[in-house]
Amino acid sequence: MRTPAQSRSASSADRMLEATKTLLEQGGLTAATVAAVARAARTSNGSLYHRFGDRAGLLLATQRRAYDEVVGETVAALTHAEQALAGGADATDTVTGLAGTALAIFARHHGTLRTFLVEMNGQPEFDRATEGFLHTLSTTVTRWLRDQLDADPQDAEAAWRVLFAIGAAQGLFDDGQVSPTAVDPARFTAAVARAVLAVVLRTA
């Protein structure tokens, strides 16, 4: 059981991490300075340094939290879809729902994903965390495709790469940067689902 002091310390650290994540979402790496995070978290620069050591330590902790959130949201979506299939739901409808959720997850974490996949790329500590994160997502998704849709392992891997490429683009770029022509979100989601199903069910 946490003591009041431990609870306050954890709460303070949580505020700092949430403030960092919010600043990354709003303005990218340059926005998440120590001073800006301290102001947003209603704490001092000294407290932040005491808790995380330096700005790199703060960013690494924020990276871990952001990645854990993405993995947690993905697992929750896959669990819900598994339960739907077990209850007799249509596979196409279920995968379409999953595609929409996946795109929403990447879009929701747009700023932090861009920071750690692009802006911090090439820095060993951050790269190791990113590799571990992507491998966890890959293993989770491909296992679900094999178990729930009876996908061939290589087809499941290919489908994961399709999903990741689309999701990463969704997370890293604004829609207007990708193309001058807008696409209806529901139609885009359905197209992604069809692409995944074509790979794992070999319907194309």
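The structure is a predicted model. Helix 4 (residues 55–86) and helix 6 (residues 110–119) have axes that come within 10 Å and cross at roughly 120°. This angle makes helix 4 oblique to helix 6.

**Helix 4 and helix 6**

- Helix 4 passes helix 6 in a left-handed crossing.
- On the side of helix 4, the contact is made by Leu59, Thr62, Gln63, Ala66 and Tyr67; helix 6 contributes Thr112, Leu113, Phe116 and Leu117.
- The residues of this contact comprise 6 nonpolar, 3 polar and no charged.

**Aromatic pairs**

- The count of aromatic pairs comes to 5.
- One of these is the edge-to-face pair of Tyr67 and Phe116, with 6.3 Å centre to centre and 75° between the planes.
- Because Tyr67 lies in helix 4 and Phe116 in helix 6, the pair ties together parts that are 49 residues apart in sequence.
- Tyr67 counts as buried at 5% relative accessibility, and Phe116 counts as buried at 1%.
- Phe106 and Phe164 also form an edge-to-face pair, with 6.4 Å centre to centre and 65° between the planes.
- Phe106 belongs to helix 5 (residues 91–108) and Phe164 to helix 8 (residues 153–172), so this pair ties together parts that are 58 residues apart in sequence.
- Phe106 counts as buried at 9% relative accessibility, whereas Phe164, at 23%, counts as partly exposed.
- Tyr67, Phe116, Phe126 and Phe133 form one aromatic cluster.

**Thr189**

- Thr189 is placed in helix 10 (residues 185–201) and counts as buried at 15% relative accessibility.
- Leaving aside its neighbours within four places in sequence, Thr189 is in contact with Thr96, Ala99, Gly100 and Leu103.

Definitions and conventions:
Residues numbered from 1 in each chain as written. Predicted model: local features only at pLDDT ≥ 70, side-chain atom pairs only at ≥ 80, totals over all residues. Heavy atoms only, no water. Helix = DSSP H or I, 4+ residues; strand = E, 2+ residues; numbered from the N terminus. Buried < 20%, exposed > 50% of the residue type's maximum accessible area, 1.4 Å probe, protein only. Contact = heavy atoms within 4.5 Å. Axes fitted to C-alpha atoms, helices over the stretch in contact; angles between N-to-C directions. Parallel < 35°, antiparallel > 145°, perpendicular 65-115°, else oblique. Left-handed = near helix turned anticlockwise from the far one by under 90°. Nonpolar A, V, L, I, M, F, W, Y, C, P; charged D, E, K, R; others polar. Phe/Tyr/Trp six-rings, centres within 6.5 Å; stacked < 30°, edge-to-face > 60°.
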